[in-house]
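Hi,

Here is the structure I promised to pass on. Have a look at it first, and my notes on what turned up follow below.

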Amino acid sequence: LCKPGMRGDIHVIPTNGGTGRQVTYHPGDDTLLNWTADGRLLFASDRESYRNRFHQLYLVGPKGGLPTKLPLNYAETADLAAAGHTLYFTIKPDFQEEAWKRYDGGRTPNIWRMDLRTLKASRMAPAAWSQSDPMLDGDTVYFLSEAGTKHRDNIFAWKPGSTPRQVTHFTNLDIRFPSMSIGAGAISFNVGGRLEILDLKSGEVHPVKLDIRGENSRSASKSE
């Protein structure tokens, strides 16, 4: 997939390894946001934006084809509920690629929810601090926010009719690039250059041990 802030197309690859396949073909900036419950890819793109500083939302199948544009003029991060009718999204860019910290002014992103049948939208849970990267697990919305006491980006959870609760508690580092694993009850994320996984049932965070091996391993002697 294309990393946020970089221009490129979306690719998919089998989870057990294999050859990747290109899904989108466009000179614009396509960024994968989430997989939907019915197996489509929800992505943000500036392909039809009049300026590349903002994006719009699209859906496409994993085999490619012509993407379907969702009815929003602006959107940056998003997820679609399993029934396919309720969209959770942010209008303003988050701060993951920037050096903004503990900012609560007019540029702060908040999460909105829209009924795609009526096109009515409202704020999910109004807050002074940033909210971004909504990820749905059933009727629970997980998201990234600086609302904690130390105002570091952590993962929060919210259900309709409730107030957000903090799930992770990093105090000296910010979580970056959270990603929901559909059906596995887990969220992976980057923190301090490490890959970690949040178990949604227990609330525990576990580090991921990576063992990356090249296909053509070679040894070389060290010159003194």
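Before the rest, some housekeeping. This is a predicted model, so local features need pLDDT of at least 70 and side-chain atom pairs count only at pLDDT 80 or more, while totals for chains, interfaces and linings use all residues. Residues are numbered from 1 along each chain as its sequence is written, and side-chain values use heavy atoms, with hydrogens and water left out.

Now the aromatics. A search of the whole structure gives six aromatic pairs, where rings of Phe, Tyr and Trp (its six-membered ring) pair if their centres lie within 6.5 Å, and planes under 30 degrees apart are stacked, over 60 edge-to-face and the rest tilted. Y88 is in one of them with W158: the ring centres are 6.5 Å apart and the planes sit at 65 degrees, so this pair is edge-to-face. It links distant parts of the chain, as Y88 is in strand β8 (residues 86–90) and W158 in strand β13, 70 residues apart. (Strands, E of at least two residues, and helices, H or I of at least four, are DSSP runs numbered from the N terminus.) W158 is buried too, with a relative accessible area of 3%. F143 and F156 make a stacked pair, 6.0 Å centre to centre with 25 degrees between the planes. Here F143 belongs to strand β12 and F156 to strand β13, 13 residues apart, and both F143 and F156 are buried. Elsewhere, ring pairs link Y50, F54 and Y74 into a cluster.

On to the sheet around β13. Four strands form an open antiparallel sheet in the order β11-β12-β13-β14; two strands pair if DSSP finds at least two bridges between them. β11 (131–137) and β14 (165–166) are at the edges with a single partner strand each, so one side of each has no neighbour in the sheet. Between β12 and β13 there are five bridges, and L144 stands opposite I155 in β13. β13 (residues 154–158) is joined to β14 by two bridges, with F156 opposite Q166 in β14. The hairpin of β13 and β14 has six residues between the strands, and G161 in the turn has a positive phi of about 85 degrees.

How many residues of β13 are buried? Five of the five are, so β13 is largely enclosed by the rest of the structure. N154, F156 and W158 point one way, I155 and A157 the other.

Next, the cores. A nonpolar core here is a set of buried Ala, Val, Leu, Ile, Met, Phe, Trp, Tyr and Cys residues joined through side-chain atoms within 4.5 Å. The largest has 14 residues, of which Y142, I155, I187, F189 and L198 touch the most other members. β12 (140–145), β13, β15 (175–181) and β16 (186–191) each supply at least two of its residues, and β16 gives the most, with three. Leaving out residues up to four places away in sequence, F189 has contacts (heavy atoms within 4.5 Å) with I155, F170, I175, R176, F177, P178, R194, L195, E196, I197, L198 and V205. Apart from this core lies another, of 12 residues, among them L42, A44, L57 and M114.

Finally, β4 (residues 41–45), where five of five residues are buried. L41, F43 and S45 cover one side and L42 and A44 the other. β4 runs antiparallel to β3 (residues 30–35), joined by five bridges, with F43 as the bridge partner of L32. Their hairpin has five residues between the strands, and G39 takes a positive phi near 90 degrees. Another five bridges join β4 to β5 (residues 56–61), again antiparallel, and L57 is the bridge partner of A44.

One last item: R47 lies over the face of Y58, 5.5 Å from the ring centre, where the cut-offs are NZ of Lys or CZ of Arg within 6 Å of the ring centre and within 35 degrees of the ring normal.

Cheers

How values were computed. Buried < 20%, exposed > 50% of the residue type's maximum accessible area, 1.4 Å probe, protein only.
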